[in-house]
Amino acid sequence: MRYLSLKGVTSLGADIVTVVILALFTVASVAAFIVFLCKYSGGGDCGRKKSALAVILCIGFTVRLILALCIRGGRADYKVFTDMFDHLKNHGLAGYYNGDPSGVLYPVVYFVYLIFGGLSNVTGLSSFALGAQFMVKLPIIAADLLIAFAVYKLGDRYFNAKIGLTLAAFVCVCPIFFIGSSGWTSPIVITAMFICFACYFLARKNFAVTVLFSMLAAFSGKEGIYILPVIAVFSATHFVRAAKTLRARRAGGDSENKSVMSRETNALITVPVSIVLSFVAVYALGLFMTASYSANPFVYIYEFVIAPLVDWTRFTANGVSVYAIFGQNGAERSARFPAWVFVAVFTAIIVAVTCIVYFSKRNRATLVMLAAYALFTMQIYYPNSTAVGMEVALPVLLAAYALVRDKRLLTVLFVTGTAFVINSLSSLAVSGFLGNADDYLFNAASDYPSVTLLTGGLSAIPIVCSVLAVLSHLYFTVVAISVGMTGVKKQLASRNGFGASLKEYFTGKN
């Protein structure tokens with residue numbers, strides 16, 4: 001089938017121009033980002049930073065909204081949202097969950113979209129395509145802007161105010177960060193938002209809120225589970241440390257510091273309580289979502305959190321993945337392929353790397369970097385990656401830079417992000433999804449298949465992009481070990497001007 005990109009008009013040229021322009025804009029925003037990072041790396045106060053942040057977020061919203069109303073996005077993801085709106089209108093809450101988590105919104109995302117689905121139906125916006133499109137994309141755009149806010153808070157608190165604003169501006173204007181919301185219409189953006197806030201509170205050493213946001217991430221998308229091994233190491237380490245501290249105090253007769261709620265020992269209470277309450281909260285959301293769903297929490301947790309890890313069909317579907325390099329784009333696994341082995345191996349690898357690096361310095365900034373590393377690793381090497389999957393790792397990588405301040409992390413972000421933009425936009429273009437064509441044009445016999453695979457000569461796109469991403473991951477591994485175990489960092493020095501800033505980025509030594 002030959003798809004039409006724009007309202008019934010074949011527009012391959014327009015699609016190519018769109019991909020090229022956004023790719024070039026990515027490179028331009030990266031260059032500007034480097035210039036401002038060098039300019040403000042020396043510190044300095046920023047007057048009216050709240051007003052500046054508001055302006056930046058407004059610009060980010062405008063950019064996203066314009067693109068969102070021009071591109072409906074990946075039809076498989078978009079249809080999940082519109083089906084939810086239709087189900088809410090026709091059946092209310094009853095019977096939404098159908099036993100297949102891949103065909104419905106995850107519990108936390110569903111709860112958010114109850115509000116917008118209701119408004120869409122009540123106001124009549126869902127009765128015409130552009131109105132429904134606006135209501136579908138608005139929450140994802142809001143999640144994108146919250147990612148910018150979370151990164152700003154990290155930069156403002158642990159770097160300086162001007163760097164915080166620069167980081168937020170980069171998130172707001174760079175295509176690396178708005179492809180998932182404005183272009184693809186993917187709920188993965190909401191998952192990424194929860195992960196970013198989990199990392200922010202991890203840096204603040206707030207156990208309870210860190211666990212809460214991690215749970216929200218896990219129950220908002222299948223990629224959210226990737227962060228849990230790192231959070232588990234963080235929580236378990238501080239729980240054990242708190243127990244040892246309290247025991248030592250009591251054994252030493254320190255009568256003034258025997259309280260379990262002191263700053264050094266409150267993890268004994270906050271960690272287990274937050275885990276229990278988080279499970280209760282997400283389970284309550286699940287019951288609310290399904291209305292008639294089984295009250296067995298183990299079934300609920302398995303089907304939304306564990307099953308997606310083992311119940312996958314393709315090695316990758318246009319994703320930047322090691323499998324694309326070896327010609328497995330779209331290839332299906334055999335019936336006996338050991339999915340559980342992959343789960344065990346990758347969990348062990350992530351936990352091992354996290355423990356080795358984190359225990360070397362026990363630095364929370366390093367742990368956020370390891371969270372980005374875990375997400376990156378899963379997207380590159382774990383089967384079932386998609387063209388938009390990398391969206392969950394890149395904001396966390398930027399958050400890690402705000403804490404670690406090593407410019408090598410920026411190199412990983414820039415190379416992988418540019419490859420992600422080119423690959424994901426090419427996937428949309430080839431599928432005919434890089435426009436606002438009516439949905440009925442895509443009603444093939446398979447009924448809204450996943451994006452058309454980049455095959456033949458076009459397979460060079462995911463192969464090249466995947467090679468760049470894999471090389472970036474290997475480089476990221478070296479950087480993580482270097483920073484985490486030796487403490488050696490390569491920071492950007494203060495420079496003014498375009499040429500001086502680029503020279504500092506590429507050749508500067510610290």
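A residue is called buried when its relative accessible area is under 20%, exposed when over 50%, and partly exposed in between (1.4 Å probe, protein chains only). Helices (H or I, at least four residues) and strands (E, at least two) are DSSP runs, numbered from the N terminus. By these terms, ten of the ten residues of helix α7 (residues 175-184) are buried, so α7 is largely enclosed by the rest of the structure.

The model is predicted: local features need pLDDT of at least 70, side-chain atom pairs count only at pLDDT 80 or more, and totals for chains, interfaces and linings use all residues. Residues are numbered from 1 along each chain as its sequence is written, and side-chain values use heavy atoms, with hydrogens and water left out.

The overall build was examined next. The protein has 19 helices and two strands. Its radius of gyration is 23 Å, close to the 24 Å that the globule rule gives for 510 residues, so the protein is as compact as a globular protein of that length. The radius is taken over C-alpha atoms, and the rule is 2.2 Å times the number of residues to the power 0.38. Along the principal axes, the C-alpha trace spans about 80 × 60 × 50 Å. Of the 510 residues, 55% are buried.

Contacts were then counted, a contact being heavy atoms within 4.5 Å. Among contacts between residues at least 6 apart in sequence, 77% join residues at least 24 apart. The accessible surface of the protein comes to about 20600 Å², and 66% of that surface belongs to carbon and sulfur atoms. Accessible areas come from the Shrake-Rupley method with a 1.4 Å probe; for residues, only the protein chains shown count as cover.

The protein carries 39 positive and 21 negative side chains. Lys and Arg count as positive, Asp and Glu as negative, while His and the chain ends are not counted. The centres of the two sets lie 13 Å apart.

A search of the whole structure finds six salt bridges. A salt bridge is a side-chain nitrogen of Lys or Arg within 4 Å of a carboxyl oxygen of Asp or Glu. One of them joins Asp156 and Lys49 (3.1 Å, N to O). This pair links distant parts of the chain: Asp156 sits in helix α5 (residues 129-158) and Lys49 in helix α2 (residues 49-70), 107 residues apart. Lys49 is partly exposed, at 28% relative accessible area.

Another salt bridge joins Asp83 and Lys79, with the closest N and O atoms 2.8 Å apart. Both residues lie in helix α3 (residues 75-91), four residues apart, about one turn of the helix. Asp83 is partly exposed at 33% relative accessibility. Lys79 is partly exposed too, at 23%.

Glu223 and Lys222 also meet through their side chains in a salt bridge (3.2 Å, N to O). Glu223 is buried, with 8% relative accessibility. Lys222, in contrast, is partly exposed at 24%.

Attention then returned to α7. Its buried residues include Pro175, Ile176, Phe177 and Phe178. Gly183 and Trp184 are also among them. Just after α7, Thr185 takes a positive phi of about 60 degrees. Thr26 is buried, at 0% relative accessibility.

Ala148 lies in helix α5. Ala148 is buried, at 0% relative accessibility. Not counting residues up to four places away in sequence, Ala148 touches Leu57, Ala168, Val171 and Cys172. The C-alpha atoms of Ala148 and Ala217 are separated by 17 Å, and the two residues are 69 apart along the chain.

Ala317 is found in strand β1 (residues 316-317). With a relative accessible area of 11%, Ala317 is buried. Residues up to four places away in sequence aside, Ala317 touches Asn329, Ser385, Thr386, Ala387 and Leu453. Glu332 is 15 residues from Ala317 along the chain, and their C-alpha atoms are separated by 9.9 Å.

Methods
Charge placed at Lys NZ, Arg CZ, Asp CG, Glu CD.
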